[in-house]
Structures are given as C-alpha cells and as structure tokens.
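The stops follow one another, each with something to select.

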Amino acid sequence: MKIIILGAGQVGATLAENLVGEKNEITVIDSDPETLRQLQDRLDLQVVAGMGSHPDVLKKAGAEDADMLIAVTNSDESNMMACQVAFSLYKTPTKIARIRSEQYIIYQEQLFKHQDIPVDHLIAPEQLVTKAIKRLIDYPGALQVVEFADGKASLVAVKAYYGGLLVGHALSTLKEHIPNVDTRVAAIYRRGKPIRPLGSTIIEADDEVFFIAATKHIRTVMSELQKLESSYKRIMIAGGGLIGAGLAKLLEHDHNVKLIEYSPERAKYLSAHLDKTIVFSGDASDHELLTEENVQQVDAFIAVTNDDEANIMSAMLAKRLGAQKAMVLIQRSAYVDLVQGGEIDIAFSPQQATISALLTHIRRGDIVNVYSLRRGAAEAIEAIAHGDQNTSKVVGKLIREIKLPPGTTIGAIVREDEVIIAHSNTKIEPNDHVILFLVDKKYISHVEKLFQPSAFFFG
C-alpha cells in the first residue's frame with residue numbers, strides 16, 4: 001500500500017516503523033526537517049518537510065495516487081484539514097485522523113460524515129487508554145486485556161506467580177483443573193523471550209502467559225496462574241486531564257474514587273462535573289497529601305498526568321506508602337519496559353493503544369481488530385473468514401491443514417454467539433471470527449493473504 005503519514009512524532013514514527021517492515025511504500029510529512037532526517041536514517045521511507053495540510057506538500061508526498069492518509073500530528077485542526085484537502089483535491093480513498101479534543105469527539109456523528117469533514121476513521125487516544133485501564137480494573141492482576149468479537153472473547157496477559165495452581169505443572173493439566181472451561185494458551189514469554197506453548201510445557205513462576213477464553217471465563221483461568229486478587233474498590237487517580245477525568249467518570253459509580261489535580265481551576269471544574277468522585281487540588285507526589293488521603297488503603301493508584309517523571313515518582317511513592325497496585329501512563333515508549341515490574345505494576349503507553357487502533361484500519365483482508373502486544377513485539381488479530389472452499393484459503397479447512405506462518409497460532413473462533421477454543425481438528429466455517437496470535441509480526445502480510453478471498457469471491 002502507498003501510505004502517507006502526517007506527523008513524525010512518537011505515534012507517527014512508531015507507526016512508520018510498524019509498516020515499513022511490511023513492504024508498504026511510506027512517506028512521512030512533518031514541519032521539522034531534523035526529525036525527518038533522523039527518521040530517514042533509521043527507516044527505508046520517503047520524507048517531505050512542510051505543512052501537511054497544504055495541497056502542494058501533499059502532492060509532493062504522492063497524494064495523487066496514495067491509498068491512505070494517516071494524520072497524527074498534535075493538532076486536531078491540522079489533521080482534519082489534511083483529510084479535507086486529500087479528499088477534495090486528490091480523492092484519497094482512506095483518510096484517518098487522530099482527534100483528541102472532547103468537543104470534536106462529542107459531535108463526531110454530525111461532524112465526520114459524507115463530505116462535511118471527510119475523515120473515514122477517527123482515532124481518539126485518550127478514549128482508547130481510558131478503556132484499556134478500565135479493563136485492567138475489571139480484571140485485577142491482569143497485565144493486559146484485549147477483547148474480540150464485541151467482547152465475547154478476550155486475550156489476557158498475566159504473570160504466573162509462586163503458589164499459582166498451574167505453576168510447576170504442564171499445560172496439559174489445565175483441562176484437569178478446570179474441566180468445564182475451555183481455554184488456550186496462545187503464548188508464553190520467559191525472561192522476555194517467546195517460547196512455544198505445548199501440552200508438555202511446564203509453567204514457571206514469572207512467566208508472562210497470554211491465554212484466550214470466553215470473556216465470562218477469564219477470572220476462572222486467571223485463578224489457575226496466580227492467587228486471584230479481590231476486586232478493586234478504592235481507586236486514587238493522579239491527573240485530571242482527559243484520561244483522568246474520563247476514567248473517574250467510568251469508575252465513580254462502582255468504586256470509591258479520589259482524584260488529585262494540580263491546577264485549582266481544573267480541580268474546581270472537575271468537582272462540579274463529576275458525580276461521586278472526591279477531587280483534591282495538589283501535587284500527587286506530595287508525601288503529606290497522599291498520607292492524609294489514606295493512600296495506604298487504596299487498591300489501585302493510577303497516575304495519568306502529562307508528565308512521565310511525575311507519574312513514575314508519584315506511583316512509586318504511593319506504592320511505598322502502601323497502595324496495593326500502582327499503574328502509570330508513560331508517553332515515552334522506551335520507558336515502559338524500564339519501569340514495569342518493579343514497584344510499578346503496570347505501565348501503559350498511549351502510543352501503543354493508538355497504534356493498535358490504526359493498524360485495525362490498515363490491515364488487509366477482512367481484519368476487524370488488531371492489538372499491539374508486549375510493547376509492539378507481538379500482535380493479536382481478529383479476522384473474518386469469507387468465501388467458501390473454492391475461494392478461501394481457510395474456509396472449510398481444519399486448523400491443522402492451514403499453512404500458518406512461524407510463531408502464529410489460532411487461539412479461538414467466534415461463531416455467532418459461540419466462543420470455540422481452537423484445536424487442530426476445528427474446522428473454519430464462512431463468517432467465523434478467527435482470533436490469531438503472532439509472536440513475530442513480520443509475518444503479518446502472510447496472515448492478511450490467508451484471509452483475502454480470491455478474485456472470484458464477490459462478498
């Protein structure tokens with residue numbers, strides 16, 4: 001595909017890195033020539049310096065025959081205008097924009113349709129991160145939770161702990177432990193490296209285990225790998241920006257929520273607009289404030305300010321003062337691995353959430369969900385099987401007959417309302433939602449081709 005990426009910031013650069021390795025023709029536009037030079041030194045792509053919403057700059061970037069424009073600058077207005085120019089002048093088929101302002105998102109149904117503001121897919125990073133954190137609150141102890149087929153099936157990452165029922169035992173014994181629940185271990189990471197999960201694989205303490213199951217069975221499977229944590233009741237949020245405020249709104253009716261916001265004006269606004277959340281104005285890394293607000297009784301301390309260092313320091317302090325779990329938002333992806341797993345339990349990156357959403361719209365074949373896992377090293381994909389035995393490489397075949405690329409496993413199939421955990425003799429039928437796990441995402445194009453029906457299939 002010929003793709004133009006507008007914006008060479010962290011999201012644009014990470015996206016370019018993801019797509020360059022997949023034989024796409026990538027051009028990146030940015031107003032900073034030095035940033036572009038550094039990007040071009042690292043990656044095999046074209047760069048154009050200039051204002052991405054200007055017609056001449058888009059033309060220079062190849063908009064006349066581009067398949068897709070992805071506008072991910074820090075300006076909502078620039079992103080929207082670039083989509084408008086690409087549509088009006090160059091008839092670019094697919095236009096994706098990152099939109100952060102709540103005001104635009106509230107009115108997206110009225111604004112982004114037909115030819116009004118021609119954005120085909122709108123990505124709202126703050127909303128994506130808020131939903132991801134909410135899933136972690138719903139499943140205490142999980143490192144990552146992603147949903148497929150409208151929430152019917154979930155892929156969950158957990159760390160196996162000493163004392164977990166399955167630790168020290170082979171995967172094949174999982175069926176004996178929970179005979180009424182069907183699940184599949186899609187991947188195991190041991191000391192940072194993937195190992196292929198076989199029936200004879202012994203689970204070790206500290207293994208990062210990815211398993212897939214019907215969403216209703218997630219907690220049961222988690223209890224096999226670690227002592228099941230009780231539900232979080234008391235939540236403390238540091239930062240009252242879009243993510244902090246959105247999270248408080250989602251949680252306040254089922255949890256006791258306290259929110260610390262540095263700006264007195266913003267704190268006053270939030271206090272008036274949130275129903276049950278108790279809002280404080282102050283510094284979240286203030287020892288005295290945290291102690292006064294009984295941080296030692298908090299089940300989860302979640303730091304989501306715009307400052308990585310402030311998030312890390314306040315979360316570490318909260319954990320030392322007795323908070324049960326510490327979660328932090330990290331803008332710089334390189335920091336995520338550095339901080340996660342010590343005093344900080346979970347670090348999440350808005351970039352990875354944004355990349356996952358973008359990849360869902362970029363993947364070929366009928367791929368309806370893509371999630372970036374393990375900080376971008378692996379991917380989970382939901383693809384729909386179309387066609388029949390004559391036009392499809394997967395329909396009518398048993399899983400053992402499908403030529404999957406190395407390190408790729410089919411974890412589950414969702415057929416209407418039924419979640420079927422995949423086994424070697426499971427047959428794929430038309431319109432099945434097939435959930436795959438890729439340990440090495442360089443094979444993504446192989447998977448896309450598998451799920452592209454031949455030219456004789458007309459839908």
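Begin by selecting α7, residues 125-138, which gives eight residues to the lining of the largest pocket, the largest share; helices here are DSSP runs of H or I with at least four residues, strands are runs of E with at least two, and both are numbered from the N terminus. This is a predicted model, in which local features need pLDDT of at least 70 and side-chain atom pairs count only at pLDDT 80 or more, while totals for chains, interfaces and linings use all residues. Residues are numbered from 1 along each chain as its sequence is written, and side-chain values use heavy atoms, with hydrogens and water left out.

Next, select L128, A132, R135, A353 and Y371, which lie nearest the centre of the largest pocket among its 48 lining residues. A pocket is an open set of points on a 1 Å grid over the protein atoms alone, where a 1.4 Å probe fits, with protein on both sides within 12 Å along at least five of seven lines, and lining residues have an atom within 4 Å of a point. Other elements that give two or more residues to this lining include β7 (142-148), α15 (350-362) and β18 (367-373).

To see the contact (heavy atoms within 4.5 Å), show E126, V129, T130, I133, K134 and I137 in α7, which meet L242, I243, G246, L247, L250 and L251 in α10.
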